[in-house]
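Here's a set of questions and answers about how helices, strands, domains and chains get their labels. Take a look at the structure, then follow along.

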Amino acid sequence: MKASHLLVAGSLSLFMVSPAFAARDYISIVGSSTVYPFATVVAEKYGKTSSTKTPKIESTGSGGGFKLFCGGVGVDHPDITNSSRAIKDSEIKTCADNGVKEIVEVKIGYDGIAVANAKTAPQFKLSRKDLFLALAKEVPDPKDPAKLIANPYKTWKDVNPELPANTIEVLGPPPTSGTRDAFVELVMETGADTLEAMKALKKADKKAHTKATQTVREDGAYIEAGENDNLIVQKLQSNPNALGIFGFSFLDQNGDKVQGSSIEGKLPTYDAIADGSYPVSRPLFFYVKKAHVEVIPGMKGYLAEFASEKAWGKEGYLADKGLIAMPDAERKEMAESVADLKVMEGK
Amino acid sequence: MNSPEPVNTMTTRPSLLEPGKNLKKRYRTDLWFQRIGITAIFLSLAFIALLFFQIISEGYTAFIQTNILLEVEFSEQAFAKENLATADYPGLIKKSLTDTFPEVKSRNGKKLLFSLVSSGAAYKLQEMVEANPKIIGTRQKMWVAAASDVDMLMKNKIDRKAPEENRRLMDNQLAWLDILKSQGRLEKQFNQTFFTTGDSREPELAGILGGVKGTALTLFITLTLAFPIGVAAAIYLEEFAPQNHWTDLIEVNINNLAAVPSIIFGLLGLAIFINFFGLPRSTPIVGGLVLALMALPTIIIAGRASLKSVPPSIREAALGIGASKMQTITHHVLPLAMPGMLTGAIIGMAHALGETAPLLMIGMVAFIVDIPGAITDPAAVLPVQIYLWADSPERGFTEKTSAAIIILLAFLMTMNSLAIYLRKKFEIKW
Amino acid sequence: MIYPSIIPCILVLAAGVYLLGLRRAEKVAALSGGLREMHSLPTHYGVFAALCCALPALFLLAIWMVSEEKIVTHMISGNLPAEYLKLPANKLSLVINEVKNIAFGGFTATSGNPAIEQAAAAYVAHLHATRNIVSIVVLFCCIVPAWFSLRSITKDLRARNLVEGAARILLIGCAGVAILTTIGIVFSVLFESLRFFQSVPLADFLFGLKWSPQIAMRADQAGSSGAFGAVPVFIGTFLIAAIAMMVAIPIGLLSAIYLSEYAGASFRNWAKPTLEILAGIPTVVYGFFAALTVAPLIRDIGTVLGLTVSSESALAAGLIMGIMIIPFVSSLSDDVIHAVPQSMRDGSLALGATRFETISNVIIPAALPGIVGSILLAVSRAVGETMIVVMAAGLSANLSFNPLTAVTTVTVQIVTLLVGDQEFDSPKTLAAFALGLLLFVFTLVLNFIALRVVRRYREHYE
């Protein structure tokens, strides 16, 4: 009956897998795919130079990250979420509802949003107005600007006679992504407000204005290419007619394959974004659950590594990866607030 | 090809024995058909050859790595105040490089110069110092990994002739590399890193050990669960089960499960094991459970086939001398059927080894650097590592992906040959 | 204290009881005139005693493990101050979660409420106390039945029948795992799908012509409208599967016919296993190959011919998937062709038909049902294939029958909807489960029909 003994032992191992409330000995990080390349580099450096385990990082998009992060306090929930935009009030509320009350906000630097295409195609010269007209779901009727109609533009030439006659085909991130949020805010809204009709609408009906400026067209001209910015780069390479929307760091890393389009005459370069002359740039963040800092081993070390000059400084290794460093004073202030774990005030 | 008329000729011709005009034509049709058949086979074989050629020619270069010989001074002052872990190791590398090329002064030039050496070099220094603190205060010559771009250049995957702005290495970087090369300080060597480390964001530091270990842990779980359960189920269905609706239901069920898309098993794992039982995400234990459920039908079907092949005379003989049914099976039938069952289990494991889709569903796609040590550590498995690398933009990862595929295929080949060997060695012709 | 090591404890005890049972059986045998007088072998008595020792204890332990959480939580929520008990259920569960975090995770109380800390201490104490009690009860359940079973060992005890009965129940249980898996699959996709159909009507899902599952994630965000019409997704799936079958059916079928009707034994012996290599290559490898080599190749060819080919055309994914499926078609139809009785071949050849005529007029018609069955199985494999399409097919759901455009498939959508944002409440993630349900049902029906057809066909000739 040896065989049946073996079987008994085998079925016993089923019992061993009962749900366990086990402590976690590694940091769990989720969030934005824009911050992912920076966070992974820091995590790897930290893991290799310290005795604690390397943090585990999943790239889930800023919105998805906040959802997991705000799920609750405890080892089942992530400790840190990366985000390519500031946390929203609605998210702070979700967090608080689930018991996540003390959140430390860390700003790590800036990232420009680039609109780029393959190097094999000619470079685009765009303005924010062009982008709004090309990508909004509803635009003011050219004949009667007071009326909003479904976006009629098919080619870039329709939008602006100076642009080439290519079909509008833009690969960009979905709403879960912080890049999308930032793009909508920085490009679509400001682009819309250069139009008289939209300005009038803003005064008349705020809600309709938000909807009109933030809704991206769904007729195939704007292709939601998933959270993975790498994928967008790869797809641009194989499709020279398409434009892609992604973070500057990806443009920087893939400078031999894709080229950034100029926006209002400024090309997306490190210096132009750092001095603020390139109009589409945004800060990057990560958020830490204070309740976890003392519990999960390595949290303090990871935070210190991220906030060190050799990481996020002007000459740091994150700058090599395409992160645009904050001004010195801001960096110093932020490093102090990281060291003290300054909890953010409710907005 | 001629149109197939023979149907009519067969019925209208009075005698087929009489050679007619059509006979040649009919044989020609037959020949043509034979040729088409063999073409079909060779098309498939050609594809296999093409796939292997492509993967191997793309991936073999990952097993060698370009290294740079550096002379590093472990000056006392660099280790003066700090403890060993926090010393400025990248600074030592940078100093060594500026010593080699003292003419580089500008900030930008230095940045370009430093980018020739992999960031992994600093970790190597740290390991050396921590292993042997006595080297502080000495000068050491050592080979360190070059950056991925340099590696790609040495492997002719970057075109030197391309215009500078379309190239990842600048003209002056090329000049420095040529100097290093002429001094014999730039060499391609066996890539040990690839076999000893886990994932990394730098292609030259990325290795597959994490994936291999994760795969081993996952398959361990799969085997310990699926094999005993599969064998037991096969024994029940083949030897004990009465012919009724229940047995029919189980049989139909198993055959259906064998053909259910693997991604569905991933959904099962996500809903049941992670969300219901609260098992930790991204861990071999969840992966192993899901793959075990997936491999189970294969093992059961193979087990039944091999039980069926044991001749009834064996059973009758054992029963005849007074053994109980259970004794007959455990003492006689099972040992004889075991080689066949093992073969089935190995084939099932080989399928599980190559499976990716269900693992995507249970969070096993994450950046995991550490080599997993237990079934509850976060881990990536080999196919998922391949998937992650295939999506990475750095050119260095293309060859790593192909190399990881070579390793995966090697494992699969080994498992399948083992299965064939077992079958050949223990096959009993009754 | 004993609790963490209770299972090894039980196992060690059971092993000891096994030895005792063995010893005792031998003693009884010696007293009653040799082993021949006993009903069963000594090992049977040993195993019987060991089972009596371990099974009740393990059963009890399993019940406890399932219900522990609930019982202890109930106990502490009783101990909380009255003001907490008035809270709505979700707030209360937050409080209890905090208590647990403090008790086990090493967290400190965020609210600084002493009542919570007390509750945490009480929780730990309760848990320890109950676990100790459970350990003792479990061990008791080990020892008492073991003692009785040892006592009951006599020459007439039908130990073998009892042990074999237990083993048989275990075997039945193992066979039942397959049923449990199916039930698990159905439940895990069904519940989430039902929740999905609460927010999206079933008819919209099944017959809607627009798939754009992007909806706002937060209250203050204006997302897209979010349309969940599965038709374009299924059209894409079938388009790719159709291309795959156009590759796999001719090549697979012709290979099978050649191998079984024309090829010599030695060619057959090496060609068949070599073809099966195709089935053994992991799909992620095919995906990599399709995305890296085949898709750009097709694009370039298209450009030369003056066609616009999308970079993730259905053609590339379909071609590679077809190659992957060749061995499924060929080995299944090989089996089927083999099942056609040799006498039918001989009869046809004896009438003077050429081999081609025999194949086309006798063998194929005879084997047709089986071939159709194996093709259906291959179709179900193509529809459910994931990695090739995830890596080589597109994401945007175009309602198109043109193989040169990018289409998306069911499996691609499941992956993109679920990887990333794994929360369980937005229709977006729930849509993945609805798609999964549809895929499961579809492949189930296909497999069912195919297996039926093949089985019927086999019985016909057996």
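Q: What makes two residues count as being in contact?
A: Two residues are in contact if their C-beta atoms, placed from the backbone, lie within 7 Å.

Q: What should I know about the model and its numbering before we use that?
A: This is a predicted model, where local features need pLDDT of at least 70, side-chain atom pairs count only at pLDDT 80 or more, and totals for chains, interfaces and linings use all residues. Residues are numbered from 1 along each chain as its sequence is written, and chains are lettered from A and ligands numbered from 1 in the order in which they are written.

Q: Which residues of H13(C) and H16(C) meet?
A: Helices here are DSSP runs (H or I, at least four residues), as strands are (E, at least two), numbered from the N terminus. From H13(C) come C:Pro369, C:Gly370, C:Val372, C:Gly373, C:Ser374, C:Leu376, C:Leu377, C:Val379, C:Ser380, C:Val383 and C:Gly384. They meet C:Leu439, C:Phe442, C:Thr443, C:Leu446, C:Asn447, C:Ile449, C:Ala450, C:Val453, C:Val454, C:Arg456 and C:Tyr457 of H16(C).

Q: How do the residues of that contact divide by class?
A: Ala, Val, Leu, Ile, Met, Phe, Trp, Tyr, Cys and Pro count as nonpolar, Asp, Glu, Lys and Arg as charged, and the others, Gly among them, as polar. On that basis, the contact of H13(C) with H16(C) has 14 nonpolar, seven polar and one charged residues.

Q: Why are H13(C) and H16(C) called roughly antiparallel?
A: Start with the angle: H13 (residues 355-384) and H16 (residues 427-461) of chain C have axes that come within 8 Å and cross at roughly 160°. Axes are lines fitted to C-alpha atoms, for helices over the stretch in contact, and angles run from 0 to 180 degrees between N-to-C directions. Angles under 35 degrees count as roughly parallel, over 145 as roughly antiparallel, 65 to 115 as roughly perpendicular and the rest as oblique. So H13(C) and H16(C) are roughly antiparallel to each other.

Q: What about H12(C) and H13(C): how are they placed?
A: Helix H12 (residues 342-350) of chain C packs against H13(C) at about 155°, with the axes 10 Å apart. That makes H12(C) roughly antiparallel to H13(C) too. Here C:Met344, C:Arg345, C:Ser348 and C:Leu349 of H12(C) meet C:Thr358, C:Val362, C:Ile363 and C:Ala366 of H13(C). By class, this contact has five nonpolar, two polar and one charged residues.

Q: Why is H11(B) oblique to H12(B)?
A: Helix H11 (residues 262-276) and helix H12 (residues 284-308) of chain B have axes that come within 10 Å and cross at roughly 135°. That angle makes H11(B) oblique to H12(B). The crossing is right-handed.

Q: What makes strands count as paired, and which strands of chain B do so?
A: Two strands pair if DSSP finds at least two bridges between them. E1 (residues 64-73) and E3 (residues 186-190) of chain B pair over five bridges, and E1(B) pairs with E2 (residues 139-145) of chain B over seven bridges. Both pairings are antiparallel. B:Thr66 stands opposite B:Lys188 in E3(B), and B:Val72 stands opposite B:Gln140 in E2(B).

Q: Why do E2 and E3 of chain B stand at the edges?
A: The three strands form an open sheet in the order E2-E1-E3. E2 and E3 of chain B each have a single partner strand, so one side of each is left without a neighbour in the sheet.

Q: Where do the domains of chain C lie?
A: Domain bounds come from an automatic or database domain assignment. Chain C is divided into domain 1 (3-157) and domain 2 (227-461), with centres, taken over C-alpha atoms, separated by 51 Å.

Definitions and conventions: A crossing is left-handed if the near helix is turned anticlockwise from the far one by less than a right angle, and right-handed if clockwise.
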